[in-house]
Amino acid sequence: MFSAIVRVFRTPDLRRKIGFTLAIIVLYRLGAHIPTPFVDFINVQQCLKDSGGTQGLLSMVNLFSGGALLQLSIFALGVMPYITATIIVQLLRVVIPHFETLYQEGQAGQAKLTQYTRYLTIALALLQSTTLVTVARSGQLFGSSAATSCQQLLTNDVWWAQLLMILTMTAGTGLIMWFAELMTEKGIGNGMSILIFTSIAATFPSAMWAIKQAKGFEVFLMVLLVGIVIMVLIVFVEQSQRRIPVQYAKRMVGRRTYGGTNTYIPIKVNMAGVIPVIFASSLLYIPALIAQFNQPAAGESPAGWVTWINNYLVKGDHPLYWLFYFLLTIGFTYFYVAITFNPTEVADNMKKYGGFIPGIRAGRPTAEYLDYVLTRITLPGSLYLGLVALIPLIALATVSANQNFPFGGTSILIMVGVGLETVKQIDAQLQQRHYEGLLR
C-alpha cells in the first residue's frame, strides 16, 4: 500500500494533478472563512459557539457549505445551488422533450445542458442569497430564541449594503462552480464531488468533538467504532451490483467480423445515490417552514395544526418524523431510479447493436425483464438508504449529536462514494503508467 502511494507521488503528471486539486481545496476552504461585507464577524462567531448550529433545511445547506452558511462568508451558499440546478435539469428531461433531445445528441447537446445548469445555478444563488440575507437581517438565522447578539448580525442593513452582500454571495457561488470545473479538467476526480466531500469532511472534527464534550470519552469511542462499522457496510452496499449478462451477435462488415463478445449490464443496489435523502429531508422541512410563517401574535395561542407540526415535524427526534423520513426516502428512491434508468431505451440500444440477454428475446421482452430486475433490486437499495438516513436522527436522540452527525445520512454516503470514485481514478491512472494500480 505504501509503495503504491510512493508511486503516486513519483509520477510527475499524477503528482501535478493531485497538487492542483489540493490547491483548489485550500482556496475553497479559505473562502469559507472570509466574511461577506457588512457582517459582524464577532457576533456571528459567538452565536455559532452558543447555539451549536441550526436545524432543518438550513442545517443541510450548512453541511454542504462546510459551515460557511452560518458564518455568512463569501462562499456561504457552497455547492447547494449547483446541486439543486443539476437535479432540476435532470428532472426536466422527463417533462421537456427538448432537454431529452439535447441529452441524446451526445457531447454537443450535453454541453448545452451544462450551460443551462450554469445559468440556473446563478439564478438559484441570487434567490438563496437574498433569502439568507433577509433571514440574517431579521435575526432568525439562529432561531427566535437566540441571544440578543444573534439578532444583530449585520453592521449595516440599508438596501445597497444588502445588495452588495447578495452579489458577493452569488459571485462566490460562480467562483465555486469555476473551481469545480477547473478541478475536473486539470485535477483528480469530479471537481464538484470533491468540493462537497471537502465541505462535509470539514465539519467532521467539530461534530465528533461535540459528542466527546457532551457524553465523555467512552461514548466518543463507541460512536467512532460504530462509525467504522457503518462505513464498512456502506462500502459493501455501494460496491454491490447485479450483473445482467449480455451477448452480441457476430456481424460481417465487408471482410471483417464484428461483435460476438460477452459483457454485462451492471445494476447497482443503490442506483439513486444520495439524491432521495436530500429530496426527503427538503420535503419534510416544508411543513416546518409553513408553520414558522403562521406563528400567532403575542398573547394568542397557536393553531392546532401549527402546534402539531412544531411537536412532531420540526426537531427530528420524534418517531413519527423518523417514519415519514423513512417512507419518503423509499418513495423518492423508486421515483429517481425510474427517471434516470430507462429500460426501454437500454433494450432498444442493445437491439440496435445486435445485443441480447441469454434466454430473453430482444426488444419489448428485454425491457420488461430489465424493469422486473430493477424494481426488485431497488427495494433493498431503498431500505438501505432509509436506514442510513435515520442514523443522524437516532444519534440526535441518543448521544446528543447535532443533525450533521458525521456517520450517517447524506454526509457518510457522499464521503464514502466520492472517496471510492477518487481512489478508483487514481488507480486507473497508475495502471496506465505502471501496470500496477493503487488497489489490489
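Author: Start with a loop. Phe38 is found between helix 2 (12-31) and helix 3 (41-51). Helices here are DSSP runs (H or I, at least four residues), numbered from the N terminus. This is a predicted model; local features need pLDDT of at least 70, side-chain atom pairs count only at pLDDT 80 or more, and totals for chains, interfaces and linings use all residues. Residues are numbered from 1 along each chain as its sequence is written, and side-chain values use heavy atoms, with hydrogens and water left out.

Reader: What is the phi of Phe38?

Author: Positive, about 70°, although Phe38 is not a glycine. At 24% relative accessibility, Phe38 counts as partly exposed (buried is under 20% relative accessible area, exposed over 50%, partly exposed in between; 1.4 Å probe, protein chains only).

Reader: How do I read two packed helices?

Author: Use the angle between their axes and the distance between the axes. Here, helix 7 (residues 107-138) and helix 8 (residues 159-186) have axes that come within 8 Å and cross at roughly 140°. Axes are lines fitted to C-alpha atoms, for helices over the stretch in contact; angles run from 0 to 180 degrees between N-to-C directions. The pair is therefore oblique (under 35 degrees is roughly parallel, over 145 roughly antiparallel, 65 to 115 roughly perpendicular, the rest oblique).

Reader: Which residues does Thr170 touch?

Author: Thr170 lies in helix 8. Its contacts (heavy atoms within 4.5 Å) are Ile122, Ala125, Leu126 and Ser129, not counting residues up to four places away in sequence. At 8% relative accessibility, Thr170 counts as buried.

Technical notes
Helix = DSSP H or I, 4+ residues; strand = E, 2+ residues; numbered from the N terminus.
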